[in-house]
Amino acid sequence: MDVEETAQKIEDMTIRGAGRIARSAAQAIGHYASNSKAANLAEFITGIDSSAKRLISTRPTAISLSNAVSISLRGVRDQKTLEGARALAISNSEAFVKKSNSAVERIGQNAPPLIEKPGIAITICNSSAAISAMVACYKAGKITGVFACETRPKRQGLITVRELAEAKVPVTLIVDSAMRYVMPKVSVAFVGTDSLESDGSVINKIGTHLLAATARDYGVPFYACAESYKFLPASMIGKRVEIEQRSVREIVANAEVPGGVEIFNPVFDRVPPDLITGIITEEGVIAPSESLTFIGKFLGGI
Ligand code: RI2
């Protein structure tokens, strides 16, 4: 799929989920590199730079997107020939997609040993990394089922229940505001991650902070599942992840509220590190306080 089509599909959320967005962006860079009709290296670099800019502009919160683009462009500008630059962009983007897919699988493998006493899990939104963890835990006999929050306004919880049911994991759909009601029955929370900051804060779908605070109130361990490329390297120098606000039409249709009523639709929130038991990455499980060291070790050069 070319850059513009990919960008539009990310914007309208036909392509969604931080990992999927990242893989699609990397593939779009690969597509540009394979199909570019640039006459020389300079033209190729100009084109790939504007492709990168277009892709990164689509959604601000998922740092996986800009990291995927940076990783796909690694070393490309230093190439001396057009063909060298083309080949490197293609191989970088292919390697990113491969690594990303295997990261999701490895996150799943890292989850079951964390659970001592089998019980019910809870999740919010739809995360391929959290699903991987929950399916692996179920197969290992470490969870007996899942409460899936509906996740207003886009209701990605419906995708989660479908995916868990397909994997034969018993799942119960709840509205978001029922999370506290069911929490006494819950043993563990697994959520996905859009981005992470160096202090160990996790940015994920709106409602995730509420879920983490509720889990803490009931002594339920709270795990964020995150591929290593979801950390924001610039957070080491104080940059914070921007929280995306989307159209209010995702919440209500035009005629549903009187004119003059303001509607606010922030789609992510930030979970502070003290509410997070652990971050499950493909490189192992870390405490939020280890995030800074983790970024230095695995994201050097972005
Ligand atoms: P994976 C999603 O964002 C959700 O917030 C989900 O938890 C997160 O991406 C990570 O998903 P959105 O695109 O990368 O639905 O684990 O706004 O699939």
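Which side chain has an N or O atom 2.7 Å from an oxygen atom of the ligand? Ser127 does, and a polar side-chain atom of Arg16 also lies 2.7 Å from a ligand oxygen. For Lys205, the distance from a side-chain N or O atom to an oxygen of the ligand is 2.6 Å. The protein covers 100% of the 450 Å² of accessible area that the ligand has on its own (areas come from the Shrake-Rupley method with a 1.4 Å probe).

The model is predicted, with local features needing pLDDT of at least 70 and side-chain atom pairs pLDDT 80 or more, while totals for chains, interfaces and linings use all residues. Residues are numbered from 1 along each chain as its sequence is written, and side-chain values use heavy atoms, with hydrogens and water left out.

Now for the surroundings. The ligand has 19 residues around it, and the closest are Gly19, Ser128, Asp194, Asn204 and Lys205 (a residue counts if one of its heavy atoms lies within 4 Å). This shell splits into five nonpolar, nine polar and five charged residues, with Gly counted as polar. Helix H2 (18-35), helix H6 (128-139) and strand E6 (202-205) each supply at least two shell residues; helices (at least four residues) and strands (at least two) are DSSP runs. Because domain 1 (3-103) and domain 2 (111-298) both give residues to the shell, the ligand lies between them; the domain bounds come from an automatic or database assignment.

Elsewhere, the loop between strand E2 (143-149) and helix H7 (157-166) holds Pro153. A cis peptide bond, with omega about 0 degrees, joins Arg152 to Pro153. Arg155 is in the loop between E2 and H7 too, and its phi is positive, near 60 degrees. Most residues other than glycine have a negative phi, and most peptide bonds are trans.

Methods. A polar contact is a pair of N or O atoms within 3.5 Å; within protein, one must be able to donate a hydrogen and the other to accept it, and residues adjacent in sequence count only if both atoms are side-chain atoms.
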